Amino acid sequence: MPQGSVLGPILFLIFINDIVSTCCGNTTVKLFADDLKLYSIYNSDDGVLNLQQSVDRLVHWSKIWQLNFNLSKCHVLPIRNRIKSANNTQHTYLLDGFCLNNVALFSDLGITIDSNLSFKSHISTIITKALQRVGVFFRGFSSRRLDIVRKTFITYIRPLLEYNSNVWNPSHKYLIDKIERVQRQFTKRIPSLSNLSYLERLRILRLESLEARRLHFDLIHYFKIFNNLTSTNQSDYFTFHHPSSITRKTEPFLIKPLNKPNYLLTSFFYRSIDCWNYLPVSVKQSASLRVFKTKLLTVDLSHFLIGSAFFN
């Protein structure tokens, strides 16, 4: 198919649409353009066998349709329970006779995923990229007008620190502070604001702390899920408790599971449950996403923030 054509991407998607039929057992396939991921959740060798069978069927499909894989870009990323990882053995998978490498981390659609789902490597990567752009701005531009400085930060630097934050938003204070330090240092280098506190600099520039923004992004996505604005089935990840009509508070609230390991309790589907329950009913029952975003800005959520931005 000719590159740059209008119909090319659509025809390509039609061409590979039946690739999902290659899966067997509990193996799942995910597609994004020409990027394909196979994954399986298992506790026994049966899951390993199902995943290898799916890979074999995928190879068979590729040969029928003459669409070869780039073996240099094919890897295996084992994701394990940190507590049990020392006892887990690495399994070998073959792609058309080629032994796939087991890797400890891998970049997928701009997110660096590691085998423990800690996202420390991803956070270090985005901080490095953001600081590089901060340096480019202050070395390459002489103007320090606040409107120009603000627009530069929110256009070219902040997006690096917020892309898909629902996936990797950290819960450890030291990681939260490392990310916040980028905005803290950027605003500190503005001569007219350098003698002010961090919160005063944010107020003058009409900026929010990065931690507060990530919390808002979590809550906004919660709202989307609960109002069927995404493909995520809320019953698969969330449980609502509906109090009796004789209780003081009758509105339903989310239940936060207690029997999950810490690394799951800090994931997207758990970490902001308390904050969501705290929101006034009038906010949670907003008529639209736009209204919810507007009302959310009026709620003080600072006591849910653990970073240093609000303490010094």
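Start with helix α6, which spans residues 173–188: Lys173 and Asp177 both sit in this helix, four residues apart, or about one turn. This is a predicted model, so please hear every value as computed. Lys173 and Asp177 form a salt bridge, with 2.9 Å between the closest N and O atoms. How exposed or buried are the two partners? Lys173 is partly exposed, at 39% relative accessible area. Asp177 has a relative accessible area of 14%, and because buried means under 20%, Asp177 counts as buried.

Next, Asp147. Asp147 pairs with Arg145, and the closest N and O atoms of this salt bridge are 2.5 Å apart. Asp147 is partly exposed, with 43% relative accessibility.

Now to Asp218, in helix α8, residues 210–226. The relative accessible area of Asp218 is 1%, so this residue is buried. What does Asp218 touch, leaving out residues up to four places away in sequence? The list is Asn166, Asn169, Phe268, Arg271 and Ser272. Two of these contacts deserve a word. With Ser272, the Asp218 side chain makes a polar contact of 3.0 Å, side chain to side chain. With Arg271, Asp218 forms a salt bridge of 2.7 Å, N to O. Arg271 belongs to helix α10, residues 268–271, and Asp218 to helix α8, so this pair ties together parts 53 residues apart in sequence. Both Asp218 and Arg271 are buried.

Last, a network: Arg158, Glu162, Glu208 and Arg213 are joined by salt bridges that share partners.

Methods: Residues numbered from 1 in each chain as written. Predicted model: local features only at pLDDT ≥ 70, side-chain atom pairs only at ≥ 80, totals over all residues. Heavy atoms only, no water. Helix = DSSP H or I, 4+ residues; strand = E, 2+ residues; numbered from the N terminus. Buried < 20%, exposed > 50% of the residue type's maximum accessible area, 1.4 Å probe, protein only. Polar contact = N/O pair within 3.5 Å; in protein donor to acceptor, adjacent residues only side chain to side chain. Contact = heavy atoms within 4.5 Å. Salt bridge = Lys/Arg side-chain N within 4 Å of Asp/Glu carboxyl O.
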